[in-house]
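Hi there,

Here is the structure I promised to pass on. Could you have a look at it and then read my notes below?

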Amino acid sequence: MARIPSAPPADRFPASGSRRLFPYLFTAVFAASVLFSLREAQVDPRRLLDADALANVAKFVRGMFPPKLTGEFLGLMARAAVETVQISVMGTAIAIALGVPLGVLATSSLMWRGVLHERTSRTGRWVLGFAPYAASRAVLSVFRSIPEYVWAFMFVRAVGFGPFPGVLAIGVAYGGMLGKVYSEILESVSPRPLETLRAAGASRAGVVLYGLVPQALPNVVAYTLYRWECAIRASAILGFVGAGGLGQQIELSMRMFQFDEVLTLLAILFVLVASVDVISGRIRGWVA
Amino acid sequence: MYELTGIRKVFAAGSVALEDVSLRVGPGEHVAFIGPSGAGKTTLFRILNLTLRPTAGALVFEGQDVSELSDAELRRVRTRIGTIYQQQNLVGRLRVVHNVLAGHLGRWSAAAALASLVRPRDVAGAGRALEQVGMPEKLWARTDELSGGQQQRVAIARVLVQDPDVILADEPVSAVDPSLAVSIVTLLRDLSHASRKTLLMNLHSVDLALGYFPRIVGVRDGRVRFDLSPDKVGPELLAELYAGHRDEEQELEQLRDGKNPFGAACRPLPGFRK
Amino acid sequence: MARAVAARPGRRAPLLVGAGLAALLAWSWQGTGVDLPGLLGGEGLRQIATYVARLFPPDLSARAWRDAASGAVETFAISLIGSLLAVGLGLPLSLAATRTLLYHGILFEGRRLGPGARTARVTLHAAGKALLNLLRTIPEIVWALIFVFVVGLGPFPGVLALGVHTGGVLGKLFGEVLEDVDPAPLEALQATGAGRLAILVYGVLPQALPQFVSYALYRWEVNVRAAAVLGFVGAGGLGQRIHVAISLFQEHELLTLILAIYVSVTLVDALSASLRARLV
């Protein structure tokens, strides 16, 4: 009769095998960082419930109603909303213009590794392939790691107030994200068709056009659309640093304690974001 | 045990899965359900284990009309009915011990269930159940790392832990290889025989049904076509039951030619001569 | 050959989409007043180049180091606690946003819900979804403004802002995961007589957990970037120091702070990737 392994005695529990250190270590480090962060971030729930805070909430909520709906204000805000959309479109266009070349350069299978380069010489691979590959990866990493607000802030300093710095900020930050994801998509393309084309004697350009692009395109389009959605949200608030759009208005109204204007602006933002969700969902439906 | 009168099930899309099914099953009985795929057998079993509500008709379990039960009563009745599915319906990411102990869930509170996931509550019971299905060494394995046949035995162990009065097995062997199929069917038959449980089984293979069950119910197009002992189920009846279902007809042809996919473990089928 | 070669299918849809995109682009170009020729033609580029040149070299004095380090630590703390708060908010809300746990699907085929109970659950679902949408649509930085107004300056309003906004995002994502869980094991658990709560902890959560962890880690990465800018409106972290540095034209110190952002973001990305590999 077979024996039941590790039947209960509590001291032998867990007999489940994973007695490695990692879970304990992880729990300890995690708990320590949470405690440390709670102190560092000055988390104090009482501050939410003290009399001042509650009075402020009441002031804020009372101030929001009724929302400001005068024709003049709405007209002004409509223009800001339009500007927000325009910033996102231009920003995304620049991001694509930056992301495509950088993304291609950052794809190892296109630059120095794999099917396309079996006959390239060693030095050729390093100088013409690996060097630009590494450089563009570094550039992409810097572009996307610095948040778009910081870019916007710096561009405001460099080229002045208005929508232009917002466009540049989205272009640079999202160019970095698009480039990285484009290169990942290109990298993950199945090599089998490429090999077949290569074996059939296709040139390098032929392989790229007939093997690589068709496989990568749907994902590229889908991800770019997703980024455009994000760009609308972002451009709506880049105004906080003086880069045009709705954000500038929200900050202004908030600073002036005009909460009735804030409510209107948030409603406009809500509608804007919701309609972008719907539109890009439609487009994605067509593409897929 | 079960008393069904005029059961009818229509799905939302308008397709009729069952039509006027009436049936009585006594305590301790062993019944096999056969019929072509799409006949409505699985729907019937989901109604029998009270996870699907019939559109019309009465289902009486142990003298109690099921449609009149409250939520809590329904749950209590369900604990007395154990189900084994075609696909094993286990939680793949959990260890075997948890999937076996899921048989206790009808008796455990949610808090107890959560606690048991951290520290299993009845390891000994799970071990015994696994022993009965012949794989005690897999107690701590991750369920999705087991083969299909092993997972099916985990599902049986879960039912053993649940210890119900009725076992419903919906095509328990159609996803495992033939040699294992015989052993699983015998296992279920012997286990339920020993503890006087009622056993209802959907079977894809006619020879297993005829070979191991004293009562055969033929289902086609949502209706019960016959309800007989196996020696009365002849080739004509079977041909009629499976008419128009090509794959299954071919299997019948093979049976008629004396080829039995389950080997010597199956006794010769009545009505079919070598 | 008897059969004709197929005619080329219509090509109108791509043309229309292309034309639409071109019009959109032209409209946006005109509206934003982007002066690309000017930018590429020298004037704009020179402005940017001058500005970038002014940033160098980074300020590496002990004071700047300390400032950058304490800002980075604060940013990390805000992002971590904010993300945890978001999980704590998103998890219960996601249950309210999951139809398959409330009134629809395999767990509700055995017995009809009473009309009152059903209406209550449909309402709860709609309310949960609406709340999640509200939390999610208002950007973190607007939440930060609101919380700065409510509780005052410092990192705490930043934590609240990240928690509330990300709570909305995670609630939506978690809800989608919960609805997509394989229903077969749930049916089996239900057939043993298990209650819905027991099915939730025993059948649904084990299936959903890896995705939950993955999404939470992903949002943590996003939140480090966000935490680094919430300071612009007074909610602590590196952003606050960057705001000061830019406003006071301290370009060298600005570069140090930007380097600090780059390092924290890269570190958290790497940490999150390795955790994802180990935990999921």
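Two residues count as in contact when their C-beta atoms, placed from the backbone, lie within 7 Å. The model is predicted, so to speak of local features I required pLDDT of at least 70, and side-chain atom pairs count only at pLDDT 80 or more, while totals for chains, interfaces and linings use all residues. Residues are numbered from 1 along each chain as its sequence is written, and chains are lettered from A and ligands numbered from 1 in the order in which they are written.

Chains A and C

Between these two chains, 47 residues of chain C are in contact with 48 residues of chain A. By class, the side of chain C that touches chain A holds 35 nonpolar, nine polar and three charged residues. Here Ala, Val, Leu, Ile, Met, Phe, Trp, Tyr, Cys and Pro count as nonpolar, Asp, Glu, Lys and Arg as charged, and the others, Gly among them, as polar.

Helices and strands are DSSP runs, numbered from the N terminus (helices are H or I with at least four residues, strands E with at least two). Several helices each supply at least two residues to that side of chain C, including α4 (62–96) and α8 (155–180).

Those two also pack on each other: the axes of α4(C) and α8(C) are 6 Å apart, at an angle of about 40 degrees. Axes are lines fitted to C-alpha atoms, for helices over the stretch in contact, and angles run from 0 to 180 degrees between N-to-C directions. This makes α4(C) oblique to α8(C) (under 35 degrees is roughly parallel, over 145 roughly antiparallel, 65 to 115 roughly perpendicular and the rest oblique). The residues of this contact divide into 16 nonpolar, 11 polar and one charged.

The sheets of chain B

Strands pair if DSSP finds at least two bridges between them. One open sheet of chain B has four strands in the order β2-β1-β4-β5, with antiparallel pairing. Its edge strands are β2 (16–25) and β5 (64–65), each pairing on one side only. Five bridges link β1 (residues 2–10) and β4 (residues 56–61) of chain B, and B:Tyr2 has B:Phe61 as its bridge partner in β4(B).

The other open sheet I noted is mixed, with six strands of chain B in the order β6-β7-β8-β3-β9-β10. Its twist averages 15 degrees from one strand to the next. Strands β9 (residues 215–220) and β10 of chain B run antiparallel, joined by five bridges, and B:Ile216 stands opposite B:Leu228 in β10(B).

Best wishes
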